[in-house]
Amino acid sequence: MITIAIANQKGGVGKTTTAINIATAMAATGWKTLLIDLDPQGNASTGMGVATNARERSSYDILVDEISLDDCMQATGIPGLDIVPATVDLSGAEVELVTVDDRTARLANALSGHTDHDICFIDCPPSLGLLTLNALGAADTLLVPLQCEFFALEGLSQLLLTVERVQQRFNADLGIIGVVLTMFDRRNRLTDQVSDDVRDCLGSLVFDSVIPRNVRLSEAPSHGLPALVYDHACAGSRAYIALARELIGRLPEQRKAA
Ligand code: ADP
Ligand code: MG
């Protein structure tokens, strides 16, 4: 299984939207896919249609009580896509884990040796705290959604610094598979400017596919459906399908599903 953390410490940049829709696109392509919601807000869980009262076991149980992955995941309505939901309890996990020795390794421990899925996406919270560190400790690589706005690059340097520290301390092999520009608005000149700057600065790290600002993407979660199911033909869904294709192209050969 290849594990991809979707992280950016800024809120509202499209992490959850990307997690839900790329996971759905991968499952639709035949990859057995696992989505782990690691944000106490539980937006990925809600967006996948897992009601709060249906989250009997969650990512909190994995991190704090070391309950096994198998016991915490559940099927979604989408074939080939399972989810570990999140509950508000998770906001307490950072504090509860502070005195624990292997506090940054809890998720990595739970995922290690898991072969039932081909690929796993982790939807991170908007911070660089212990939850995101667990995701970075468990991940093979990182996918960074970047919103096309003025301060986009500023936050990124802080994230890259954290990645460097994680590589030095507990996950030497952590990579960055790419940066995806989100909420791209063709009619906005600032968007173009930011996009050019980001590409100048990060080069081929930036995916060619961009995710347009698209109202269907923001409507879908209120129906508890990925946009790819809610309206598979909308511009947002098509962009996530293109992104998934590009992502597969960047995965190491030996990790690609048969
Ligand atoms: P994050 O997880 O980084 O906080 P979200 O994915 O939750 O970000 O997105 C923040 C808000 O913007 C949500 O209301 C979401 O529906 C909306 N949104 C995300 N991506 C798009 C997009 N490409 N077009 C329109 N709305 C979007
Ligand atoms: Mg989110």
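Q: Which elements do the buried residues of helix 8 pack against?
A: In this predicted model, the buried residues of helix 8 pack against helix 7 (130-138), strand 6 (141-147), strand 7 (175-182) and helix 9 (189-202). Packing here rests on contacts, with C-beta atoms within 7 Å.

Q: Which residues of helix 8 are buried, and what makes a residue count as buried?
A: The buried residues are Ala152, Leu159, Val163 and Val166. A residue is buried if 20 or more other C-beta atoms lie within 10 Å of its own.

Q: Why are the buried residues of helix 8 said to line one face?
A: Viewed down the axis of helix 8, the buried residues fall within an arc of 60 degrees, so they line one face of the helix. An α-helix has 3.6 residues a turn, so residues three or four places apart point the same way.

Q: Which residues are exposed on the other side of helix 8?
A: Exposed there are Glu154, Ser157, Leu161, Glu164, Gln168 and Arg169.

Q: What span is expected of helix 8, and what span does the model give?
A: Helix 8 (residues 152-169) has 18 residues, and 26 Å is expected at 1.5 Å a residue. From its first C-alpha to its last, helix 8 reaches 27 Å, which is close to that value.

Q: How do you know that the span of helix 9 agrees with its number of residues?
A: The 14 residues of helix 9 should span 20 Å at 1.5 Å a residue, and the end C-alpha atoms are 20 Å apart, so the two agree. After helix 9 comes Gly203, with a positive phi near 55 degrees.

Q: Which helix gives the most to the shell around ligand 1?
A: Helix 1 does, with 3 residues. Helix 1 (15-28) and helix 10 (215-219) each supply at least two residues of this shell. Of the 18 residues around ligand 1, Gly14, Lys15, Thr16, Thr17 and Ser218 come nearest.

Q: How many residues of the shell around ligand 1 are nonpolar, polar and charged?
A: The shell divides into 6 nonpolar, 10 polar and 2 charged residues. Gly counts as polar in this division.

Q: Which residues does UniProt list for "domain: AAA"?
A: An unreviewed UniProt entry lists residues 3-175. Over residues 3-175 the chain is 40% helix and 16% strand, with the end C-alpha atoms 11 Å apart.

Note on methods. Residues numbered from 1 in each chain as written. Chains lettered and ligands numbered in written order. Predicted model: local features only at pLDDT ≥ 70, side-chain atom pairs only at ≥ 80, totals over all residues. Helix = DSSP H or I, 4+ residues; strand = E, 2+ residues; numbered from the N terminus. Expected span 1.5 Å × (residues − 1). Buried ≥ 20, exposed ≤ 12 C-beta atoms within 10 Å, placed from the backbone. Arc of directions from axis to C-beta. Contact = placed C-beta atoms within 7 Å. Near = placed C-beta within 6 Å. UniProt positions renumbered as here; feature names shortened; annotations may be inferred.
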